[in-house]
Amino acid sequence: MIHKIKALHDNGQGLSVRAISKQLSISRNTVRKYLRLSEAAIHGQQSDPSRTKKLDDYRSYLVYLLGEFPKLSAVKVARKLQAKFGSIPASDRSLRRYIQ
């Protein structure tokens, strides 16, 4: 998302902040915040090893499931997680992203 915003803005030669926010359906303040970030700050923010994900606790089970059943869909993985652990602390979309 950050790189898309920077590409659309193109150092002032591309779209305006307002046009970018309308095109991507995000706040103008968010667009401004990302345009102010340097490339080093973006890279540091995205590759922060101290960040943990909600699904990291279930990683070993997910690896096992996908190793045994590689064609298993994310919906079926979610059902198996719910059956084994109860409620999942993440949305279906987050689970799909995590599995990818």
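Domain bounds, as used here, come from an automatic or database domain assignment. The model is predicted, so local features need pLDDT of at least 70 and side-chain atom pairs count only at pLDDT 80 or more, while totals for chains, interfaces and linings use all residues. Residues are numbered from 1 along each chain as its sequence is written, and side-chain values use heavy atoms, with hydrogens and water left out.

**Exercise 1. Find the domains and state how far apart the C-alpha centres of domain 1 and domain 2 lie.**

Solution. Begin with the domain assignment, which gives domain 1 as residues 1-47 and domain 2 as residues 56-99. Then take the C-alpha centres of domain 1 and domain 2, which lie 32 Å apart. As a further step, consider K33 and A74, which are 41 residues apart along the chain and whose C-alpha atoms are separated by 33 Å. K33 is located in helix α3, where helices are DSSP runs of H or I with at least four residues, and strands runs of E with at least two, numbered from the N terminus.

**Exercise 2. Describe the aromatic pairs that involve Y61, and state whether Y61 is buried or exposed.**

Next, Y61 and F85 form an edge-to-face pair, at 5.6 Å centre to centre and with 85° between the planes. This pair links distant parts of the chain, since Y61 is in helix α5 and F85 in helix α6, 24 residues apart. Taken together, ring pairs link Y58, Y61, Y64 and F85 into a cluster.

For the last step, buried means under 20% relative accessible area, exposed over 50%, and partly exposed in between (1.4 Å probe, protein chains only). Y61 counts as buried because its relative accessibility is 16%, whereas Y64, at 47%, is partly exposed, and F85, at 39%, also counts as partly exposed.

**Exercise 3. Decide which residue's charged end sits over the ring of F69.**

Solution. The test is that a charge sits over a ring if NZ of Lys or CZ of Arg is within 6 Å of the ring centre and within 35 degrees of the ring normal. The residue is K80, whose charged end sits over the ring of F69, 5.8 Å from its centre.

Technical notes: Phe/Tyr/Trp six-rings, centres within 6.5 Å; stacked < 30°, edge-to-face > 60°.
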